[in-house]
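Hi,

Here is the structure I promised to pass on.

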Amino acid sequence: MGEFRYNVPLGPMNSFGIDATAKYMLEFENSDELVAYFKRPDKPSDRWTVISGGNNILLTRDYEGVVLHPTGRRMEVLGEGKDMVRVRVEAGVEWDDFVAWCVAHGWSGVENLSLIPGYVGAAPVQNIGAYGVEVKEVVESVEALIIDTLESQRFSNAECKFGYRESVFKNRLRGQAIITAVTFALRTYSEPRLGYGDLKAETQKLGEPTLENIRRAVIAIRRRKLPDPKEMGNAGSFFKNPVVDQTVADALQMEYENMPIYPVGKGRVKLAAGWLIDQAGWRGAVRGRVGVHERQALVLVNRGGATGDEVLDLAREIQHDVEQKFGVKIEPEVNIL
Ligand code: EPU
């Protein structure tokens with residue numbers, strides 16, 4: 001286990017680039033180190049949170065407790081069969097390094113999730129998804145330390161209670177469990193999933209739909225649409241796409257014929273928050289040091305030196321306008337700390 005660091009600047013540790021400080025920070029490699037930490041009599045604070053890649057958080061104040069940061073980066077093959085390979089990956093691995101490793105080995109299942117920023121340990125928390133694939137489709141189990149009991153527990157895919165940008169770790173176990181590793185079940189054969197948006201056309205430009213080409217196509221689309229946090233602070237989609245009753249979507253489509261919808265079953269329909277925000281006139285808007293990205297209205301940006309509260313104020317204005325115009329509530333996807 002590393003040593004405590006004090007008054008650590010969090011600016012470099014959050015993709016929004018918001019300046020804030022953590023009173024204490026401690027790195028951990030695995031569950032044993034976490035247990036040792038939580039048993040320490042000289043803990044500087046009982047408060048803790050985990051920041052890994054910091055790609056899905058908005059900091060609105062200094063953090064007065066201990067920020068725990070995962071550093072375990074092992075990736076191991078547990079077994080390989082004819083159709084499937086099982087791999088165990090520690091929480092501190094960069095998500096996209098894991099995707100690149102899978103593609104290089106010819107294992108399919110995560111290529112559509114190329115270039116999503118963040119660490120492997122954070123992927124199940126919000127069930128990351130892009131281009132028609134969600135990580136829940138390849139998660140076999142998740143290992144997490146339960147803080148109450150200091151016991152490591154393995155959650156099967158069903159026990160993770162995955163939903164659209166949801167899991168048990170965001171809900172019942174929020175603030176009570178720390179993910180230390182994820183076991184994935186990947187296919188050893190390719191099964192391209194090119195149905196979403198312009199992915200098929202982008203892949204065809206590169207040739208056959210090999211894993212490498214799908215990965216390159218996803219990367220090209222993401223680079224085109226999403227701002228690079230190194231150049232402009234952001235946390236990807238700031239809001240979740242709202243899920244509404246089919247009747248609500250039907251009524252809206254009477255008025256807005258070209259409104260995109262994605263049926264999710266059981267009479268429910270997902271609307272595109274980006275489209276709603278765009279139609280409400282917010283795409284490309286600038287409010288002092290914050291704004292709305294000009295190519296993807298779902299992404300709020302720090303134009304330089306913004307505070308978390310400035311981003312929140314903008315978010316509230318947008319929520320208000322979207323609700324006024326469409327009668328639909330949109331909720332943040334990022335964690336507000
Ligand atoms: N749209 C607009 N204007 C905009 C943005 C979008 O009209 O400013 C329209 C698009 O033309 C399209 C629809 O809205 O018809 C959906 O847009 P897009 O395909 O860009 O996807 P999204 O629903 O806005 C979701 C994820 C992204 C993911 C993309 C691609 C959420 C909250 N976001 O965005 O994930 O990359 O699909 O699969 O589900 C993230 O979570 O941080 C993230 C970037």
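**Notes on the ligand site and the rings**

An oxygen atom of the ligand lies 2.8 Å from a polar backbone atom of Ala 297. The protein covers 81% of the 820 Å² of accessible area that the ligand has on its own. Bear in mind that this is a predicted model.

Tyr 131 uses its backbone, with a polar atom 2.6 Å from an oxygen atom of the ligand. Tyr 164 uses its side chain instead, and a polar atom there is 2.7 Å from a ligand oxygen. Both tyrosines are among the residues that come nearest, together with Arg 165, Tyr 196 and Asp 278, out of 22 residues around the ligand.

What is the make-up of that shell by class? You'll find eleven nonpolar, five polar and six charged residues in it. As for where they sit, α4 (211-225), β13 (233-237) and α6 (273-279) each give the shell at least two residues. The largest share is from α6, with three residues.

On to the aromatics. The count comes to 18 aromatic pairs. One of them is Tyr 6 with Tyr 24, an edge-to-face pair at 5.7 Å centre to centre and with 75° between the planes. Tyr 6 belongs to strand β1 (residues 5-9) and Tyr 24 to strand β2 (residues 21-28), so the pair ties together parts that are 18 residues apart in sequence. Are the two partners buried or exposed? Tyr 6 counts as exposed, because its relative accessibility is 54% and the cut-off is over 50%. Tyr 24 counts as buried at 14%, since buried means under 20%.

Leu 115 has a positive phi, near 65°, in a residue other than glycine. Its place is in the loop between α2 (95-105) and β8 (129-130), and at 25% relative accessibility Leu 115 counts as partly exposed. Lys 266 also has a positive phi without being glycine, near 55°. This lysine lies in the loop between β15 (261-265) and β16 (268-271), and Lys 266 is exposed, with a relative accessible area of 85%.

Cheers

Conventions. Residues numbered from 1 in each chain as written. Predicted model: local features only at pLDDT ≥ 70, side-chain atom pairs only at ≥ 80, totals over all residues. Heavy atoms only, no water. Near = heavy atom within 4 Å. Polar contact = N/O pair within 3.5 Å; in protein donor to acceptor, adjacent residues only side chain to side chain. Areas by Shrake-Rupley, 256 points an atom, 1.4 Å probe, with all protein chains shown as cover. Helix = DSSP H or I, 4+ residues; strand = E, 2+ residues; numbered from the N terminus. Nonpolar A, V, L, I, M, F, W, Y, C, P; charged D, E, K, R; others polar. Phe/Tyr/Trp six-rings, centres within 6.5 Å; stacked < 30°, edge-to-face > 60°. Buried < 20%, exposed > 50% of the residue type's maximum accessible area, 1.4 Å probe, protein only.
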